[in-house]
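This briefing is intended to be read beside the sequence and the coordinates.

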Amino acid sequence: IEPISFKSYVQEIIVRENLNPMLSQADQKLITSRLGDEIIHRLSRNLIIMPTSICASVLLMHRKGISEDELTKQVDLLISMLRLRKAILPAACNNPKICVTKGTFHLNETVGKKKEIFEPRVKPKVDYKNILLLSYYRNNLIHHFINEAFISCSLFEFGQSNLGTEGIDKKDLWEKVQFVNHLLRNEFVIEKEMRTYEDFEAVLNFMIQTNTLAETADDKVVIHPEGENQINYLNSLVWPFIDTYWVTFVFIFSLVPSKFVQEGKILEKIQWFAESLYEDQIITFYESCSQEIIKNSVSTYYSDGIIVKKKLETISDGVRDPNVYTLSDEYNSEDKMQQFFEKLSQFRKSTLVKTNSMGNIRNPLLSDF
């Protein structure tokens with residue numbers, strides 16, 4: 001990786017964007033942020049995708065187990081997808097069988113094998129850390145697919161019937177993609193973001209060229225007959241993040257009307273809530289209980305003005321921290337929160353809990369406020 005000259009980089013960005021860091025603290029922060037992004041972009045471009053990441057990525061799609069032959073087949077397909085996206089791969093990936101052998105060997109503590117079937121090694125409430133470790137390995141390759149994953153999960157918001165023969169209008173799809181892109185903006189540092197409709201079209205055209213999607217005669221989008229496997233894979237990358245944001249939103253929904261939660265306890269409470277929903281099979285992915293993603297989701301909802309920070313004027317019994325989160329005036333209503341909840345729920349893998357049963361999820365929380 002070519003070193004970055006801090007002096008040259010700063011001078012270039014000052015001239016390009018007309019900044020004055022000597023007088024403006026905001027400009028200082030902007031330069032620091034841009035430099036951080038540039039470092040991450042260079043690291044991502046030069047990151048070698050190891051067999052552990054490839055195997056973990058496939059195993060997390062098959063949590064109930066996958067045969068060695070099928071694992072090898074899926075790994076081979078994923079290697080082909082990575083090559084199309086110009087990922088850097090080691091020599092072991094030239095042969096999918098060697099890739100599987102090396103990958104599963106290094107994942108030995110997190111993966112079990114019974115009668116030629118590989119599966120994540122997980123016992124309820126004991127080995128969930130194995131899922132988190134597998135997701136850590138998987139996340140090393142997400143940057144190669146993330147824009148496509150945003151499009152893929154947005155497709156399902158339109159319903160199964162439109163994914164087949166009817167097709168989805170591209171501009172309607174772009175509107176949904178913008179929602180997901182904005183929602184998960186704190187999760188990924190994307191070098192080629194879909195900032196404009198033209199950016200979106202470029203990614204869409206790539207998905208069409210690679211037979212993930214297809215165009216109808218009236219210029220709508222459908223899933224390509226050969227693209228189901230790719231779509232399932234892309235969705236598996238982003239659905240765990242969406243579930244975290246869904247859980248966090250359900251939690252803050254319980255602040256209606258005018259309740260609060262202490263700032264120092266909100267992450268712990270949401271994580272407990274997420275794990276409870278996972279145990280009840282309301283959310284599918286244990287990695288959705290990650291406190292790091294929960295932290296990002298709280299930050300996102302705070303930045304978007306859904307929740308605000310306040311300082312209590314009087315301290316009640318049992319409340320030690322006067323700094324609290326509560327709903328903003330705009331969102332402190334059942335109707336407003338319900339509208340956002342319904343919109344967000346459409347992007348999940350499956351809405352096992354219907355909208356009209358929201359109270360069943362929220363009721364266990366109410367005693368905490």
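Is S236 buried or exposed? S236 is buried, with a relative accessible area of 11%, where buried means under 20%, exposed over 50% and partly exposed in between (1.4 Å probe, protein chains only). This is a predicted model, in which local features need pLDDT of at least 70 and side-chain atom pairs count only at pLDDT 80 or more, while totals for chains, interfaces and linings use all residues. Residues are numbered from 1 along each chain as its sequence is written, and side-chain values use heavy atoms, with hydrogens and water left out.

**Surroundings of S236**

- S236 is part of helix 11 (residues 228-253); helices (H or I, at least four residues) and strands (E, at least two) are DSSP runs numbered from the N terminus.
- The backbone oxygen of Y233 lies 2.6 Å from the side chain of S236, a polar contact (a pair of N or O atoms within 3.5 Å; within protein, one must be able to donate a hydrogen and the other to accept it, and residues adjacent in sequence count only if both atoms are side-chain atoms).
- Leaving aside residues up to four places away in sequence, S236 touches M61 and R138, with contact meaning heavy atoms within 4.5 Å.

**Cavity and pocket**

- The structure holds one cavity of 30 Å³ or more, and the largest cavity has a volume of about 70 Å³.
- On a 1 Å grid over the protein atoms alone, a cavity is a set of points where a 1.4 Å probe fits but cannot get out; a pocket is an open set with protein on both sides within 12 Å along at least five of seven lines, and lining residues have an atom within 4 Å of a point.
- Grid points are joined across faces, edges and corners, and a volume is the space filled by probe spheres set on the points.
- The lining of the largest cavity consists of V58, M61, Q74, L77, L78, M81, N229 and Y233; helix 4 (68-84) and helix 11 are the elements that give two or more residues to this lining.
- Helix 4 gives the most to the lining of the largest cavity, with four residues.
- The largest pocket has a volume of about 1400 Å³, and of the 40 residues that line it, I142, H143, H144, F145 and I146 are the closest to its centre.
- Helix 2 gives the most to the lining of the largest pocket, with five residues.

**Strand 8**

- Strand 8 (residues 323-327) is largely enclosed by the rest of the structure, because four of its five residues are buried.
- Strand 6 (residues 260-262) runs antiparallel to strand 8 and is joined to it by three bridges; two strands pair if DSSP finds at least two bridges between them.
- Strand 7 (residues 307-311) is also antiparallel to strand 8, with five bridges between them.
- V324 in strand 8 stands opposite Q262 and opposite K310.

**Cysteines**

- The whole structure contains zero disulfides, a disulfide being a pair of cysteine sulfur atoms within 2.5 Å.
- The closest cysteine sulfur to that of C93 is in C99, at 3.9 Å, too far for a bond.
- C93 is buried at 2% relative accessibility, and C153 is buried at 1%.

**Backbone geometry**

- V256 and P257 are joined by a cis peptide bond with omega of about -5°; P257 is in the loop between helix 11 and strand 6.
- N18 is not a glycine, yet its phi is positive, near 55°; N18 is exposed, with a relative accessible area of 70%.
- N211, also not a glycine, has a positive phi of about 60° and is partly exposed at 28% relative accessibility.
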